[in-house]
Amino acid sequence: MTARRLAAHRLDAWGIPYGTRPHDEIVLVVGELTANAVRHGHVPGRDFHLLQYVVAPSGRVRVEVTDSRTERMPPDPEGLRASGGEDASGRGLLLVAGIAERWGWCPRATGPGKTVWAECEVSENPAAPVTAVPVSSA
């Protein structure tokens, strides 16, 4: 997926190298959140947006994925439940919750939809600017 490749490249440029635990975990979170945006948040003719940046002074990397769908909202972190053994989906946010230091969602500030976000711990404190990456969900 393009979003994962873009996120992976940006993390490496920030000094979080390919093949390290923080890099691989953040890329996995990006993959899960963007897959959810495509699967559950897609509105025909609209894209989702990926924003990735370092939260100062904590040094955590924050990933935000925004889509335009308003009628399907994710559970709050405290309301997240494991899906049944026979369910074909429903494990992505559990995976994000297990990897991320914190995660949640909020209504989209600039229009219809929502933003799902996660913050992941990085052992070093990368000095990175805010990087917005608009990604097509088509």
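Me: How many helices and strands does this protein have, and what makes a stretch count as one?

Reply: There are 3 helices and 5 strands in the protein. A helix is a DSSP run of H or I with at least four residues, a strand is a run of E with at least two, and both are numbered from the N terminus. Starting from that end, the elements run α-α-β-β-α-β-β-β. This is a predicted model, in which local features need pLDDT of at least 70, side-chain atom pairs count only at pLDDT 80 or more, and totals for chains, interfaces and linings use all residues. Residues are numbered from 1 along each chain as its sequence is written, and side-chain values use heavy atoms, leaving out hydrogens and water.

Me: What makes Gly 92 count as buried or exposed?

Reply: Relative accessibility decides (buried is under 20%, exposed over 50%, partly exposed in between, with a 1.4 Å probe and protein chains only). Gly 92 has a value of 14%, so this residue counts as buried. You will find Gly 92 in helix α3. For the protein as a whole, buried residues make up 41% of the 138 residues.

Me: And which class does Arg 91 fall into, and why?

Reply: Arg 91 comes to 39% relative accessibility and therefore counts as partly exposed. Arg 91 sits in the loop between β2 and α3 (92-99).

Me: Which residues make α1 and α2 meet?

Reply: On the α1 side they include Ala 3, Ala 7 and Leu 11, and on the α2 side they include Ile 26, Val 27 and Thr 34. Contact here means heavy atoms within 4.5 Å. By class, the residues divide into 8 nonpolar, 3 polar and 2 charged. (Ala, Val, Leu, Ile, Met, Phe, Trp, Tyr, Cys and Pro are nonpolar; Asp, Glu, Lys and Arg are charged; the others, Gly among them, are polar.)

Me: How do you know the orientation of α2 and α3?

Reply: Their axes come within 9 Å and cross at roughly 150°. That angle is why α2 is roughly antiparallel to α3. Among the residues in this contact are Glu 25, Leu 28 and Val 29 of α2, together with Gly 92, Val 96 and Ile 99 of α3. The contact of α2 with α3 has 7 nonpolar, 2 polar and 2 charged residues.

Me: What does Ile 99 touch, leaving aside its neighbours within four places in sequence?

Reply: Ile 99, found in helix α3, is in contact with Glu 25, Leu 28, Val 29 and Cys 120. The C-alpha of Ile 99 is also separated by 9.1 Å from that of Glu 119, 20 residues apart along the chain.

Me: What kind of peptide bond joins Ala 56 and Pro 57?

Reply: The bond between Ala 56 and Pro 57 is cis, with omega about 0°. Most peptide bonds are trans. Pro 57 lies in the loop between β1 (48-55) and β2 (60-67).

Key. Axes are lines fitted to C-alpha atoms, for helices over the stretch in contact, and angles run from 0 to 180 degrees between N-to-C directions. Angles under 35 degrees count as roughly parallel, over 145 as roughly antiparallel, 65 to 115 as roughly perpendicular and the rest as oblique.
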